[in-house]
Amino acid sequence: MVTAPLAIGREPSFSPFAVQLAGYLDISRVHGILRPMPDGSLEIEDLGSKYGTRVGDTLLKAGCFRVYTDAEIQFSQAFTLHLRFIRS
């Protein structure tokens, strides 16, 4: 469960909540951030990474995308996050 902004990258030291992916050279040092939104959705922001971030078939390059349902978020060819929404 994501309840606070979550930084993604090889060195995402700007956030106390982070996923560090040091072994993935095609992921930027500070690649992106996942933010929970008040309506229960999740905002995915690419922070200007070299290769971008994919949400499904949509390529983000320094932009945001809002996710309301289960999705695949690809940060590199080797790392994909499978996002599942669980509603109570």
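Entry 1: For my own reference, buried means under 20% relative accessible area, exposed over 50%, and partly exposed in between (1.4 Å probe, protein chains only). Strands here are DSSP runs of E, at least two residues, numbered from the N terminus.

**Ground rules.** I am reading a predicted model, where local features need pLDDT of at least 70, side-chain atom pairs count only at pLDDT 80 or more, and totals for chains, interfaces and linings use all residues. Residues are numbered from 1 along each chain as its sequence is written, and side-chain values use heavy atoms, with hydrogens and water left out.

**Entry 2: the sheet around S8.** I traced an open sheet of four strands in the order S6-S5-S8-S9, with antiparallel pairing. Its edges are S6 (58–60) and S9 (80–83), each of which pairs on one side only. Two strands count as paired if DSSP finds at least two bridges between them. Neighbouring strands are turned by 20° against each other on average, direction ignored; the axes are lines fitted to C-alpha atoms, with angles from 0 to 180 degrees between N-to-C directions.

Then I went pair by pair:
- S5 (residues 53–55) meets S6 over three antiparallel bridges, and Thr-53 has Leu-60 as its bridge partner in S6.
- S5 and S8 pair over two antiparallel bridges, with Arg-54 opposite Gln-74 in S8.
- S8 and S9 pair over four antiparallel bridges, and Ile-73 has Leu-81 as its partner in S9.
- A hairpin of five residues takes the chain from S8 to S9.

**Entry 3: aromatic rings.** How many aromatic pairs does the whole structure hold? My search gave two. Rings of Phe, Tyr and Trp (its six-membered ring) pair if their centres lie within 6.5 Å; planes under 30 degrees apart are stacked, over 60 edge-to-face, and the rest tilted. Phe-75 and Phe-79 make a tilted pair, at 6.1 Å centre to centre and 40° between the planes.

Entry 4: S1 (residues 6–9) and S2 run parallel, joined by three bridges, and Ile-8 stands opposite Val-19 in S2.

**Entry 5: the core.** The largest nonpolar core has 16 residues, and those with the most contacts inside it include Ile-44, Val-55, Ile-73 and Phe-75. A nonpolar core is a set of buried Ala, Val, Leu, Ile, Met, Phe, Trp, Tyr and Cys residues joined through side-chain atoms within 4.5 Å. S1, S4 (42–46) and S8 each give two or more residues to this core. Beyond its neighbours within four places in sequence, Ile-44 is in contact (heavy atoms within 4.5 Å) with residues including Thr-53, Val-55, Leu-60 and Ile-73.

**Entry 6: Glu-45.** Which side chain makes a polar contact with that of Glu-45? I found Arg-35, at 2.6 Å. A polar contact is a pair of N or O atoms within 3.5 Å; within protein, one must be able to donate a hydrogen and the other to accept it, and residues adjacent in sequence count only if both atoms are side-chain atoms. Glu-45 lies in strand S4.
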